[in-house]
Amino acid sequence: MTLQEKLNFLEEIMDLDDGDLSEDSILEEMDEWDSLATLALTMEIKKRYGHNLTTDKIKSFKTVSDICQFISDLEE
């Protein structure tokens, strides 16, 4: 998945318009990064990659880049 595809994926999960996210977007400053978004991310990661996303891992995500890197690591 390219970086743009990851950003689009996350925008879809957070119900944002195309182009609203950048790698530098800080998650805790975003109203859209809420419990529903983390649940949706957890379910999509499980469905696409067969990986269980833990609460500790979710809490470790500070920026959109952190999530993109996590997805990249799963794709390797």
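I began with helix α1 (residues 3-13) and helix α2 (residues 35-49): their axes come within 9 Å and cross at roughly 130 degrees. Axes here are lines fitted to C-alpha atoms, for helices over the stretch in contact, with angles from 0 to 180 degrees between N-to-C directions. That makes α1 oblique to α2; under 35 degrees counts as roughly parallel, over 145 as roughly antiparallel, 65 to 115 as roughly perpendicular and the rest as oblique.

The model is predicted, so I noted that local features need pLDDT of at least 70, side-chain atom pairs pLDDT 80 or more, while totals for chains, interfaces and linings use all residues. Residues are numbered from 1 along each chain as its sequence is written, and side-chain values use heavy atoms, without hydrogens and water.

Next I listed contacts (heavy atoms within 4.5 Å). F9, L10 and I13 in α1 meet A37, A40, L41, E44 and R48 in α2.

Which residues of α1 are buried? I found K6, L7, F9, L10, E11 and I13. Buried means under 20% relative accessible area with a 1.4 Å probe, protein chains only. Their cover includes α2 and α4 (64-75). Just after α1, D15 takes a positive phi of about 60 degrees.

Then I looked at the whole chain. It has four helices and zero strands, taken as DSSP runs (H or I, at least four residues; E, at least two) numbered from the N terminus. Of its 76 residues, 36% count as buried. The C-alpha atoms fill a box of roughly 25 × 25 × 20 Å along the principal axes.

Methods. Buried means under 20% relative accessible area, exposed over 50%, partly exposed in between (1.4 Å probe, protein chains only).
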